[in-house]
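Dear colleague,

I am passing on the structure below, together with some notes on what turned up when I went through it. Please look it over before reading on.

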Amino acid sequence: MMNKIKSEKRLCLICMEEHEVDTVEVMETEFFKDEEVSFTATYEYCSNADEYLETEEMIKANSLAMKDSYREKVGLLTSGEIIEIRKKYDVSQKDFSEILDWGRAIITRYENHQVQDRAHDDVLRKSDYDPKWFLEMLKRAKERISNKAFVKYYHEASE
Ligand SMILES: [Zn+2]
């Protein structure tokens with residue numbers, strides 16, 4: 001089943017002619033880490049050739065949708081939920097990683113393409129429901145983040 005969400009007249013990269021190129025949503029099922037997961041994938045569709053194309057952006061988004069479906073299925077936070085926790089403290093991706101003592105790039109990966117392990121998932125949940133603990137972690141990371149950011153986060157987490 002395919003659901004058309006957009007149609008635009010332009011050069012079609014599948015048949016290399018100019019025509020109405022559709023953007024469509026398709027329900028897909030894949031196996032990820034031994035789990036069968038269903039998710040909505042987005043493609044460009046050429047009705048001339050009856051073929052689908054994934055742009056660079058769609059490849060990333062479709063992979064994230066698949067992994068988020070997996071996370072929901074096994075009870076891990078989705079990328080969106082991780083973003084919400086970070087936004088709650090108004091912390092940057094890099095600094096959130098530093099505060100949790102994971103190195104600079106981990107949160108960016110979790111929000112974009114990598115599924116977190118259970119231990120890290122627990123830490124993320126703890127930082128969500130326990131602002132006092134988050135404050136302690138923040139104090140420990142004081143040397144690793146800018147003073148200006150520290151003051152801002154401290155204020156945010158204290159509220
Ligand atoms: Zn075409």
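**Helix α1 and its surroundings**

Directly after α1 comes G75, whose phi is positive, near 80°. Please keep in mind throughout that this is a predicted model. Helix α1 itself covers residues 56-74, and because 19 residues at 1.5 Å a residue should span 27 Å, the 28 Å between its end C-alpha atoms agrees with expectation. Within α1, the buried residues are A65, M66, K67, S69, Y70 and R71, and what covers them includes β2 (18-32) and β3 (35-46). The helix lies across these two strands, β2 and β3, and runs at about 160° to β3.

**The sheet**

Those strands belong to an open sheet of four, in the order β1-β2-β3-β4, with antiparallel pairing. At its edges stand β1 (2-11) and β4 (51-53), each with a single partner strand, so one side of each has no neighbour in the sheet. From one strand to the next, the twist averages 40°. Between the antiparallel strands β2 and β3 there are eleven bridges, and T23 stands opposite E44 in β3.

**The nonpolar cores**

The largest nonpolar core has 15 residues, of which Y89, V91, F96, I99, L138, Y153 and A157 touch the most other members. At least two residues of this core come from each of α3 (93-99), α4 (106-112), α6 (131-140) and α7 (147-158). Apart from this core lies another, of five residues, among them F39, A65, M66 and Y70. Leaving aside residues up to four places away in sequence, V91 touches R86, F96, I99 and Y153.

With best regards

Conventions:
Residues numbered from 1 in each chain as written. Predicted model: local features only at pLDDT ≥ 70, side-chain atom pairs only at ≥ 80, totals over all residues. Core = buried A, V, L, I, M, F, W, Y, C linked by C-beta atoms within 7 Å. Buried ≥ 20, exposed ≤ 12 C-beta atoms within 10 Å, placed from the backbone. Contact = placed C-beta atoms within 7 Å. Expected span 1.5 Å × (residues − 1). Pairing = 2+ DSSP bridges. Axes fitted to C-alpha atoms, helices over the stretch in contact; angles between N-to-C directions.
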